[in-house]
Amino acid sequence: MQARSHPLGVHPSRSGDGTANVAVHAPGLPEVDLVFQRPGEPWRRLRLAGRNHGIHYATVPRPRSVPPQSMTAAELARDVCPAMPEGTRYGFVAGAPAGTPVADPAAEPVLLDPYGKGLERVAPPSGVVDPGPDAYGGCYVSVVAAQDHVWHDAHRPSPPWRDTVIYEAHVKGLTMAHPDVPPELRGTYAGLAHPVVLEHLRGLGITAVELLPVHAHLDEAHLTANGLSNYWGYNTLGFFAPHAGYATAAARAAGPTAVLNEFKAAVDALHGAGLQVFLDVVYNHTAEGGAEQRPYCWRGLGDRAYYRHDEPGNYVDVTGCGNSVDFSDAQVVRMALDSLRYWVTQCHVDGFRFDLAPELGRDEQHHFTRNHPFFVALAADPELQGIRMISEPWDVGAGGWQTGRFPAGWADWNDHYRDTVRDFWLSAQRTMRRSGGGGTAARLAGAIAGSAELFAPHGRSALASVNFVTAHDGFTLHDLTAYDAKHNEANLENNADGTNDNHSWNHDHEGFSSEVRIRAARAATARNMMATLLLSQGIPMITAGDELLRSQEGNNNAYCQDNGLSWVDWRLTPQARSMLHTTQRLIRIRRAFLAGQPRDFPTRPENVVLRWYATSGEHMTGERWQTDGERALQVALAARGGSLAGLFVINGTGSAVGAVLPPREAPDDDDAAPRSCGYRLVLATDPRLDELTGNTWHSGDPVAIPAQSVAVFALT
């Protein structure tokens, strides 16, 4: 079979004769040799004699003992063949004269296949005492994996984007401490798929699980030196291979195909539970780090092509991670697109969150453009239609803050929303405690309404805003209420890592408190922030464990803490149980409200009805919006053509207020006279008022809303 320069990677030859086609983009090497080891055989070397615009390629012949094949379509779909069977180890080296012996990759490292579906460490790093499984400096090879999982998700869940509630979780951290998950499954893909975990997620009401990086990754050199590991996984070693460390011991022992199948089975199980699966992906930099660190793959294949450089040849680092992948190179764009397509078509993933996403939209001058070819190609790719694309819309380069400015069809993490909600419920409370006014509710109102000032100028609706109060990076919801300062000493970086700009408030006591009063106040503040999040316009994202008031003891950068500090604590204390119950109720309220709205709500701003009232029941005025200390208000939510509406009452002051419930104003006719209506309490974040849930008041009735609390009413 004639060799071809595409597709990249290792695949059966299209003829189905049992040979394999191997192609690698290695523009930095004049000649490339494939070194490979079929199971049970010695290492061999083969020159990739074909060359086309930096792509080296060749046909790998069948073993002499294997006769010519006539592989069926089903056999070809497994993506393995006699020439490169499942479990074949391989890599690339600079071309050497014919007859040069093949060195053991455990002693002389090979370059990994950028398209490799499996990875295996063949030697730990030398000179490291008790190295972890992903310690920096180890030797790796690529491994051929078969695509043979039998899928059961014929009807994959596809809820409307507006109904989506995202749950950001770490594969290991979600189940490692779960008492009802069998010990051998804890911290694994299989643990993620365990019925008790699925039941929790279903019962919570979320619709999509967003997994922190599951691409194969490596620890940074300084972490290995300190005896720590990269727990979060934002240090990619392979864009096509699932991280083996999250598979069960049995799957790891069976090899990369079993690891891949365990991941696929987890996706299958989540789909069976009605949940979508999003992946947090890191295409902006790689585990090769700075120029002084060793090549594992891309640097050895073609450093100047794969990474950003200035004219003198120095790295242009807009990620803060030592290197930045160069998305002005067509082959880099192709690699990222091929990776995304692989996870969608072969692994049935439903969406992606792109780490440091502006880096992916920087041109050859390193400037961000929302019309970057990568974004255009994503939008036009038929395999990626309907797949959710979410940006972390900032990096550390010039012009790196791009919240609201990504292309149509994307959603952006909204840091403006995060800071605004924290400021209202936390920073302002501290100010008020010190006799300040606490500001107004104007910024909070804008965030609740969908942050139109960020998204509307670029033709995007509230559904482009992924609203969050916490994420993996930063304080947990509990710790926002318990710490004024970060406590990252365990990271061994002299507490210099992590942000100092937390917008938190410790309720006048730093860290754990045994005082019932302080603990109750913190829990109430957490409920207020969760209520604000789930009743705002946009797509809400909850961080795993926040529904149980999980603490990281003040560590706001636990990226290297693979221990109980980072794992979800499943102990159902009374406060954890209360927070879980509140979160479940809020999601049900959100779902019920949206179910009564037109299908295009809220994509058409003219059909979204938000009416803002003072606690007097009168419309908010410009003067009220600008009055320091005016921190109590009411907002009626509805839609033109909708059948259900609700009232959200916020009291951010230090005292109870008597909120006069407003008359109902018809959303379909602005000229219609307001009329009386009933308001049924469906939730209050203050336990005393919440005891009255189910009771009904009418327009003009005053309702005592306790200090620092939220009340939610349905119209009857």
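**Note on aromatic packing and cores**

1. Tyr-246 has a relative accessible area of 5% and is therefore buried. The model under review is a predicted one. Tyr-189, at 0% relative accessibility, likewise counts as buried.

2. These two residues form a ring pair: the centres of Tyr-189 and Tyr-246 are 6.0 Å apart and the planes stand at 85°, so the arrangement is edge-to-face. The pair joins distant parts of the chain, 57 residues apart, with Tyr-189 in helix H3 (residues 189–192) and Tyr-246 in the loop between strand E13 (236–242) and helix H6 (249–254).

3. Trp-612 and Trp-625 make an edge-to-face aromatic pair, at 5.8 Å centre to centre and 75° between the planes. Trp-612 belongs to strand E20 (residues 608–613), and Trp-625 to helix H17 (residues 622–625). Trp-612 is buried, with a relative accessible area of 16%, whereas Trp-625, with 21%, is partly exposed.

4. One aromatic cluster includes Phe-239, Tyr-283, Trp-298, Phe-352, Phe-354 and Phe-374. Charged groups also meet rings: the charged end of Lys-117 sits over the ring of Tyr-342, 5.3 Å from its centre, and Arg-631 lies over the face of Phe-424, at 4.0 Å from the ring centre.

5. The largest nonpolar core has 158 residues; among those touching the most other members are Phe-92, Ile-206, Phe-352 and Phe-374. Helix H9 (residues 330–345) gives the most to this core, with nine residues. A separate core of 22 residues includes Ala-632, Ala-638, Ala-659 and Leu-681.

6. As for domains, the chain is divided into domain 1 (9–144), domain 2 (415–431 + 468–530 + 540–589) and domain 3 (605–715). The C-alpha centres of domain 1 and domain 3 are 65 Å apart.

Definitions and conventions
Residues are numbered from 1 along each chain as its sequence is written. This is a predicted model: local features need pLDDT of at least 70, side-chain atom pairs count only at pLDDT 80 or more; totals for chains, interfaces and linings use all residues. Side-chain values use heavy atoms; hydrogens and water are left out. Domain bounds come from an automatic or database domain assignment. A nonpolar core is a set of buried Ala, Val, Leu, Ile, Met, Phe, Trp, Tyr and Cys residues joined through side-chain atoms within 4.5 Å. Buried means under 20% relative accessible area, exposed over 50%, partly exposed in between (1.4 Å probe, protein chains only). Helices (H or I, at least four residues) and strands (E, at least two) are DSSP runs, numbered from the N terminus. Rings of Phe, Tyr and Trp (its six-membered ring) pair if their centres lie within 6.5 Å; planes under 30 degrees apart count as stacked, over 60 as edge-to-face and the rest as tilted. A charge sits over a ring if NZ of Lys or CZ of Arg is within 6 Å of the ring centre and within 35 degrees of the ring normal.
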